[in-house]
Number of protein chains: 2
Amino acid sequence: MFDLDQEIKGAKRIGIAGHIRPDGDCVGSCLGLGLYLRENYPELEAVDIHLESVPEKFRVLEGTETICTSYPEKTYDVFFSLDCGDIGRLGNAAEYLKTAGKVICVDHHISNHGFGDVQFIEPAASSTSELIYLLLDDAELSVSAAKALYMGIAHDTGVFQYSCTGRRTMEIAGKLMEKGFDFNELLDQTFFQKTYLQNQILGRALLESMLLMDGKCIISALRKKDLDFYGVTSEDLDGIVSQLRNTTGVEVAIFLYETAIQEFKVSLRSNGRVDVSRVASYFGGGGHVRAAGCTMQGSVYDVLNNLTLHIEKQLKGADL
Amino acid sequence: MFDLDQEIKGAKRIGIAGHIRPDGDCVGSCLGLGLYLRENYPELEAVDIHLESVPEKFRVLEGTETICTSYPEKTYDVFFSLDCGDIGRLGNAAEYLKTAGKVICVDHHISNHGFGDVQFIEPAASSTSELIYLLLDDAELSVSAAKALYMGIAHDTGVFQYSCTGRRTMEIAGKLMEKGFDFNELLDQTFFQKTYLQNQILGRALLESMLLMDGKCIISALRKKDLDFYGVTSEDLDGIVSQLRNTTGVEVAIFLYETAIQEFKVSLRSNGRVDVSRVASYFGGGGHVRAAGCTMQGSVYDVLNNLTLHIEKQLKGADL
């Protein structure tokens, strides 16, 4: 961990950017740091936050209106890359690295090999927001900045449920909550809430799901005509495969949706016994042991037959 | 808060009981305290835990097999009533209070007016498990006992999302997690997992839900024939109304299911703007501002018309 005061000493213009297609931790860490710098370093001429976009639901955070979603030509004395595993993830903001006086990289992705002049990379941390908190002085942290960091931590831990959550994560979240904001409402608005259509399509996927392999595998498939009927996009399908995976007795969940004629996007989730990244890799995709994905051609039956063959093989192997 | 050592000094036989229809906090607090006493006070002849039943999903906790689901005649030197707002909630275990040498009441329900010889009642606490932790010496707490208390806290806070979660809650949960158990798996197994049939019926309820009042009210109704078709019980319907309430823009969610001909059990949830306990009270039920319920007679249309009339009135009043 570096000393923030020391690293930005003498700087006049600060730039902050996160990764493309920003998620809760990306928005939370960028906004949290940005607000903190603006509030506590009056000598700074500019603290700019650049993000490709700000998803509507995150707009409940104070300060999101100051986030710049374009990339005008600018030179920064210090430039922060947050929550980006590599320079490519910065998208257009990567340009700022070339002219910045100093680049500081704060991240928690295990794939991050380190870039920039100063690095604070901790793969064991729950989130980049957790790391940002460690750089700041809690006594000088405003409610708005605390809210942003809390949201970042909550999103990357699935609201404190994933294994990446540690004792330190819980303690930091507790301190942030104590600043005094309605965290229950914030979680509802940014994490739990689904649109009516998202709930409709989830309902459809659940209702049409089927159990295979003595209940160890659950599958659900949505056709393009159904997606068109509800008028939903791929983002509206987030979370469906996780809900399927959380079925009692299920080891592997498969969720597919048709993207074109005889083409399916496949999401795989596992409880850990089956390595779904091996299955996805076989079909040209990738991922992790518990979460992977690929794109497959053929009829829905071909796709499911091919997938289940590989899953069954692993389940049988694991049973030996 | 009392001193546990002091209060059980000289006791030989300890009894512990929680409320009827035990939930996560009830099982977690009883088991957590029971295991701790057994492990740290070898001079005790008996530490009995009495619960009406142990729901199957909680059986993943070590020690649940020692929970006594019957109520043989026994006399305890010290008897703990945990998570019970009043004596009636103890069910058959209330008998033990009459003969116990000392009754200790630990609870977090605001409705608890206090009973027993020694009381530790803190309505602001997230859970009884959080209060039990405060009575124990962390250094002497085993992994199994920590796991039980963590589960209790997690369940009563909806996994750290509800407003009852405080900084202390987060810190205690963090310390318990550090004892070293797979909290992610524990949460999946006891909190998030649904059976295939529960997901089917949830899917059905979501798919058939409708928005009213410009999207401020969402309703879903299930007929007895549908419940019979899936073979689900009322317990399988838990959580449906909360999922409905978490729809973007919705102020009030109404979920009903038919229990007999022309009879419906009604669950109401609100984001706080509408006081659903007022609606439920009007129809002979009760609850809180954000969660209430009642039983109503008539056709599904009668029931919905009557309910929505009262909700609309409040929404219009609130709009003035």
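Q: Which residue forms a salt bridge with A:Asp188?
A: A salt bridge is a side-chain nitrogen of Lys or Arg within 4 Å of a carboxyl oxygen of Asp or Glu. Here B:Arg245 pairs with A:Asp188, and their closest N and O atoms are 2.9 Å apart. This is a predicted model, in which local features need pLDDT of at least 70, side-chain atom pairs count only at pLDDT 80 or more, and totals for chains, interfaces and linings use all residues. Residues are numbered from 1 along each chain as its sequence is written, chains are lettered from A in the order in which they are written, and side-chain values use heavy atoms, with hydrogens and water left out.

Q: How many salt bridges does the rule find across the interface of chain A and chain B?
A: The rule finds four.

Q: What is the area buried between chain A and chain B?
A: Buried area is the accessible area (1.4 Å probe) that two parts lose on being put together, summed over both. For chain A and chain B this is about 3,900 Å², with 52% given by carbon and sulfur atoms. In chain A, the residues that lose the most area to chain B are A:Arg167, A:Tyr196 and A:Leu207, together 17% of what that side buries.

Q: How many residues does the contact take from each chain?
A: Contact means heavy atoms within 4.5 Å. Chain A gives 42 residues and chain B gives 43 residues.
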